[in-house]
Amino acid sequence: MNQQSKRKGQSVRKAQPKSTGTNAKARLVEKVMWQLSRDILQGVYAPGDSIREPEVSKRLGISRAPVRDALRTLEHEGMVESIPWRGARVINPSLEEIADLFDLLAAVDGVVVRLAARCADEGDLRRYSQGVDEFRREVESPNPDFFELIRLSYQAAEILVSSCGSSMVANFARRIGRPAYWLHRFLIPAPTRWIQQALANHKALASALLSRDEARSERCARMLVMHTKRLILARARDIELAQGILRRTQFAAPNQRTARSGGEPRRTDAVRSPKALRLSAPADGLRLRSFSREQASRKPARTARALRAGSRKG
């Protein structure tokens, strides 16, 4: 009996470091994931930029394995996409996709808070109210940190997600909320009016939850999401419009100079962009090929006339 108990004790002691190592690895992966999420939010990685494992591991001073696992998690949550032979890159959604994402987020958050008002205990609702108080203190600080405001907002929302009583709804809300998290980068710099309105919406939601009013809680949650959606779409539309004007200006400038001069365009290949050169090269090639066809069609006609003239002389 003593030997058996010793063996059991040894097996337990041997199993403990393995469990500790697994938990440490999971915490490291989560830390890397949140760091990459913050980098995307801050604009370190713009939409469409590649995230290379060697660079991230060197910058964070860790191996590539947790970085790879973190990128897989972010891909599963819709923040990055994996391209064969190229690695991972930040998603680049269109305006329509951004609008659809926030519409879906408003609907899901409405269900979450309705279930939280029905199923969450008083302790969870008080913790959410305390999270709103932390958000308020950060807003009223002399220099509010925008990234801290977003973190506090999502931290408070996670309390409601965890206490809604439905694992399926909670997982779906996390899956939708992660891509919406980094879209807050369009709010930088955040207007003071938007911050104050977000605080008012959070307070109204906390009051509705504490009173167990499901309908009012859902309305407040939808208002909170749609308020953010309107500003993000406006900023994203302005950026897209500015980029389109810049592209049209770059390619229209040579044509405008030619029209004003009224003559042949000056050769500015030395200062034209490589993309403009690539666009102009096929057009020149098409003109050359059409000219060679005309020459080829004229040559047999001239030869036939010469033969007829020679036969008449003969």
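The legends below describe close-up views of a predicted model.

**View 1. The overall order of helices and strands in the protein.** The protein contains ten helices and three strands, and from the N terminus on these elements follow the order α-β-α-α-β-β-α-α-α-α-α-α-α. Of its 314 residues, 32% count as buried.

**View 2. The packing of helix α5 against helix α8.** Helix α5, which covers residues 122-139, packs with helix α8, which covers residues 192-210, at an angle of about 160 degrees, and the two axes are 10 Å apart. Because angles over 145 degrees count as roughly antiparallel, α5 is described as roughly antiparallel to α8. The crossing of these two helices is left-handed. On the α5 side the contact includes Leu125, Tyr128, Val132 and Phe135, while on the α8 side it includes Ile195, Leu199, His202 and Leu209. Sorted by class, the residues of this contact are twelve nonpolar, three polar and three charged.

**View 3. The packing of helix α5 against helix α6.** The axes of α5 and of helix α6, residues 146-162, come within 9 Å and cross at roughly 170 degrees, an arrangement that makes α5 roughly antiparallel to α6. The residues of α5 that meet α6 include Asp124, Leu125, Tyr128, Glu134 and Phe135, and their partners in α6 include Glu148, Leu149, Leu152, Ala156 and Leu160. By class, the contact of α5 with α6 has ten nonpolar, two polar and five charged residues.

**View 4. The nonpolar cores and the surroundings of Ile51.** In soluble globular proteins, nonpolar side chains tend to be buried together. In this model the largest nonpolar core has 48 residues, and those with the most contacts inside it are Leu36, Ile40, Ile51, Ile98, Phe102 and Leu183. Helix α4, residues 95-119, supplies the largest share of this core, namely seven residues. Apart from it lies another core, of 23 residues, with Ala117, Val132, Ala156 and Leu209 among them. When residues up to four places away in sequence are not counted, Ile51 touches Leu36, Ile40, Tyr45, Val56, Leu71, Val80, Ala88, Arg89 and Val90.

View 5. Asp39 is found in helix α1, which runs over residues 2-42, and it counts as buried because its relative accessibility is 3%, where the cut-off for buried is under 20%. Leaving aside residues up to four places away in sequence, Asp39 touches Val44, Tyr45 and Arg59. Arg72 lies in helix α3, residues 64-76, and is exposed, with a relative accessible area of 53%. The C-alpha atom of Arg72 is separated by 8.9 Å from that of Ala88, although these residues are 16 residues apart along the chain.

View 6. Arg212 has its place in the loop between α8 and α9, the latter covering residues 214-261. The phi angle of Arg212 is near 60 degrees, which is a positive value in a residue other than glycine. At 29% relative accessibility, Arg212 counts as partly exposed.

Notes
Residues are numbered from 1 along each chain as its sequence is written. This is a predicted model: local features need pLDDT of at least 70, side-chain atom pairs count only at pLDDT 80 or more; totals for chains, interfaces and linings use all residues. Side-chain values use heavy atoms; hydrogens and water are left out. Axes are lines fitted to C-alpha atoms, for helices over the stretch in contact, and angles run from 0 to 180 degrees between N-to-C directions. Helices (H or I, at least four residues) and strands (E, at least two) are DSSP runs, numbered from the N terminus. Angles under 35 degrees count as roughly parallel, over 145 as roughly antiparallel, 65 to 115 as roughly perpendicular and the rest as oblique. A crossing is left-handed if the near helix is turned anticlockwise from the far one by less than a right angle, and right-handed if clockwise. Contact means heavy atoms within 4.5 Å. Ala, Val, Leu, Ile, Met, Phe, Trp, Tyr, Cys and Pro count as nonpolar, Asp, Glu, Lys and Arg as charged, and the others, Gly among them, as polar. A nonpolar core is a set of buried Ala, Val, Leu, Ile, Met, Phe, Trp, Tyr and Cys residues joined through side-chain atoms within 4.5 Å. Buried means under 20% relative accessible area, exposed over 50%, partly exposed in between (1.4 Å probe, protein chains only).
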